[in-house]
Amino acid sequence: MKIIRMEKEMIMGEDREFESPHGSTLLSCGEDRILAAWFGGSWEKGPDTAIWTAVRSQGGWSRPRKTGEQRGIACWNPVLSAGADGRILLYYKVGPEISRWRTYVMESFDGGETFSQGRELVAGDESGGRGPVKNKPIRLRDGTVLAPASLEGEIWDAFVDRSQDDGRTWQKSAMVPLRRVLCRETLDSPYNKYHCYGKGIIQPALWEDERGEVHMLLRSTSSRIFRSDSADGGRTWGLAYDTGMPNNNSGLDLVRLPGGGIVLACNPRENAPDYYKGARTPLTLFYSGDNGDSFRELAVIEDGRGSFAYPAIVCGGRGELLMTYTWNRRKIGFCRLHYMETE
């Protein structure tokens with residue numbers, strides 16, 4: 001696979017900024033129509049932080065509009081998804097602290113022009129993690145919807161939520177098994193790919209392969225992208241392991257192409273020495289033609305000084321990838337990539 005053309009722009013326009021935008025998501029709605037969402041407000045946990053949306057048509061991006069809010073309570077991490085019946089689902093988190101998040105969902109039947117009132121995805125749940133946490137759900141061949149989920153408290157854990165009625169009800173999978181250790185320096189044994197250092201793993205990105213097995217790549221506190229695999233449709237998961245790909249404890253995303261290849265978007269950086277996060281630049285695309293066993297660099301989206309992070313990536317039209325990302329916490333970047341499959 002190779003990229004033959006890249007087009008970049010800012011959703012807010014080149015001359016406008018937005019108040020602390022972050023956590024973007026996007027959905028291709030057909031006929032050159034793209035829907036994007038993100039959260040923004042005075043600061044990430046601020047009580048005025050709300051969910052915003054914009055639509056791109058042939059005339060460019062519409063003016064951002066406030067789509068979801070809870071008075072006096074921060075909203076976070078929107079995720080867009082399409083139902084089998086054509087409706088658009090917009091999931092988002094509500095709560096002053098991540099560990100106490102509640103998940104809400106709203107619906108659109110007109111391509112994202114209007115949305116219903118938000119409702120709790122799982123009524124009464126305050127566990128901090130039901131439904132998709134950052135990345136898009138996937139639909140398996142048997143119609144089951146898998147939502148990549150995680151929990152953030154004293155420790156970090158990942159799982160999926162499974163729906164067999166197109167997102168109307170959800171069943172929580174088993175947690176992804178993980179072997180945690182405090183830090184590399186405390187180990188007497190040599191490197192072990194099944195050791196995760198620090199709090200753990202969150203924010204899975206999912207794909208289903210040709211054999212019907214499901215896989216996830218995960219953000220970690222261990223300076224590496226971790227992976228787990230499932231042979232039973234996401235009900236249970238294998239022990240998570242270090243892929244060898246760098247991770248700066250920041251979000252990643254991936255998409256499986258129609259031809260079977262996988263495109264991964266991430267910051268290929270480790271954590272800074274003696275710190276639990278790493279630089280959020282460059283922002284790079286990688287390609288795998290062997291079901292995620294290895295990756296090669298495909299394209300650099302941003303490589304300047306600053307913070308270019310939290311990508312969301314989907315397939316657009318034929319031979320096209322669409323991507324949004326946080327640009328220095330001042331704008332949401334949008335990128336359209338035209339590609340050719342060569343292997």
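On a 1 Å grid over the protein atoms alone, a pocket is an open set of points with protein on both sides within 12 Å along at least five of seven lines, a cavity is a set where a 1.4 Å probe fits but cannot get out, and lining residues have an atom within 4 Å of a point. Points are joined across faces, edges and corners, and a volume is the space filled by probe spheres set on them. The model is predicted, with local features needing pLDDT of at least 70 and side-chain atom pairs pLDDT 80 or more, while totals for chains, interfaces and linings use all residues. Residues are numbered from 1 along each chain as its sequence is written, and side-chain values use heavy atoms, leaving out hydrogens and water.

**Exercise 1.** Find the volume of the largest pocket and the residues closest to its centre.

*Solution.* First, the largest pocket holds about 940 Å³ of space. Next, among its 39 lining residues, those closest to the centre are Trp 156, Thr 221, Asn 249, Tyr 276 and Lys 277.

**Exercise 2.** Locate the residues closest to the centre of the second largest pocket.

*Solution.* Begin with the volume, which is about 650 Å³ for the second largest pocket. Of the 26 residues lining this pocket, Lys 136, Pro 137, Ile 138, Arg 139 and Val 255 come closest to its centre.

**Exercise 3.** How many cavities of 30 Å³ or more are there, and how much space lies in the largest?

*Solution.* The count gives one cavity of 30 Å³ or more, and the largest cavity contains about 50 Å³. Its lining includes Ser 24, Lys 136 and Asp 253.
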